[in-house]
Amino acid sequence: MEEQAKEILEKTAKTKDRYEELNKLVSDPDIIADNRQWKKLVKERSAIEDIALSHDRLQKLYDELEDCKKQHDSETDHELKEMFYEEITRLRGEIEKLVEEIKVLLLPKDENDDNNAIIEIRQAAGGEESALFCSVLFRMYSMYADKKHWKVEVMDLNETELGGIKEITFMVKGKGAYSHFKYESGVHRVQRVPETESQGRIHTSTSTVAVLPEVEDVEFDIDEKDLKIDTYRSSGAGGQHVNKTESAIRITHLPTGIIVACQDERSQIKNRERAMSILKSKLYDLYKGQQEEELKKERRSQVGTGDRSERVRTYNYPQGRVTDHRVNLTSYNLEGVLNGDIDQFIEALAIKDRADRLQNM
């Protein structure tokens with residue numbers, strides 16, 4: 001245990017030094033005057049604070065243990081020797097627990113976990129039944145966001161005449177929204193009897209969910225020459241115009257072929273700003289994915305891959321159950337899940353994600 005503690009102390013020493021350095025920097029008047037730089041440094045300090053403080057706690061326990069061992073070895077009185085032995089046992093137990101806690105802290109953090117989430121739900125296999133299920137998923141996520149006191153803003157919506165959703169893009173605004181919703185990416189399958197089915201047969205349909213972090217300060221520039229920007233009238237179900245001005249925006253990024261649209265706002269300027277925000281997030285996700293592709297080939301986790309071809313969850317109406325296939329977790333409270341009670345799945349996926357990454361450390 002002592003060797004493991006020593007190894008952890010060596011790993012966290014540089015983090016501790018950087019934390020002390022940041023404490024001085026954020027108090028520097030010149031840096032405080034540069035608000036953007038100051039915020040960046042405060043954010044960095046906050047990200048490593050737990051590791052730095054845990055390093056101090058572990059160092060203190062380690063020093064106490066070494067001292068107790070020396071006193072135990074040099075002591076001749078039997079009762080005192082037994083007392084030092086009990087103290088050594090206690091300290092080793094505390095050190096072992098703290099080492100495991102620090103291991104979790106040392107896991108690479110997703111820098112986007114605190115960001116807002118941009119969610120796209122699209123109709124897949126199953127025709128109108130798939131579109132109707134898209135609307136169910138949107139309602140489920142909206143209710144979950146409401147339970148977390150997060151705000152939902154629809155950015156683009158394409159409905160069917162029967163009330164389904166061909167595709168919808170919306171943003172969930174709130175600290176930590178992405179850290180929760182990122183596990184929802186993938187293929188969601190529904191098994192139920194459609195209202196239009198006269199024979200009472202169960203149909204299987206699917207909808208796809210993609211979750212992106214909203215990224216604001218990205219380290220790449222978007223060249224205006226690479227953009228094709230179209231304006232059109234916002235429309236609702238059945239193609240009915242909800243306003244008579246061409247305020248909706250569609251932006252095509254020519255080098256990648258990525259297309260984004262926004263029609264929620266009546267102002268063309270605001271729709272353009274929102275569309276650009278989505279485009280930045282998609283490009284960020286694309287570039288980041290390319291950089292990590294080689295790593296994913298070597299060590300692909302079942303959780304959080306965002307692979308749309310992966311069936312992640314099944315909603316079975318006749319049996320009243322919901323099963324997440326990545327963690328083999330089943331709930332027989334279908335109604336509750338569809339009303340936004342999905343924390344049990346998100347927590348299980350987060351635990352599995354952490355366990356997988358610890359194993360690969």
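At what angle do helix α3 and helix α4 pack, and how far apart are their axes? In this predicted model, local features need pLDDT of at least 70 and side-chain atom pairs count only at pLDDT 80 or more, while totals for chains, interfaces and linings use all residues. Residues are numbered from 1 along each chain as its sequence is written, and side-chain values use heavy atoms, leaving out hydrogens and water.

The protein chain holds nine helices and eleven strands, taken as DSSP runs (H or I, at least four residues, for helices; E, at least two, for strands) numbered from the N terminus. Of its 361 residues, 42% are buried, that is, under 20% relative accessible area with a 1.4 Å probe and protein chains only, whereas exposed means over 50% and partly exposed lies in between.

To return to the opening question, α3 (residues 35-74) and α4 (residues 78-105) pack at about 160°, with axes 9 Å apart. The axes are lines fitted to C-alpha atoms over the stretch in contact, and angles run from 0 to 180 degrees between N-to-C directions. That angle makes α3 roughly antiparallel to α4, a term for angles over 145 degrees.

Helix α5 (residues 128-147) has 20 residues and reaches 29 Å from first to last C-alpha, close to the expected 28 Å, where the expected span is 1.5 Å times one less than the number of residues. Most residues other than glycine have a negative phi, yet phi of His149 is positive, near 65°. His149 counts as exposed because its relative accessibility is 75%. Asn328, in the loop between β10 (321-324) and β11 (329-331), also has a positive phi, near 50°, and is exposed at 68% relative accessible area.

Terms used
Parallel < 35°, antiparallel > 145°, perpendicular 65-115°, else oblique.
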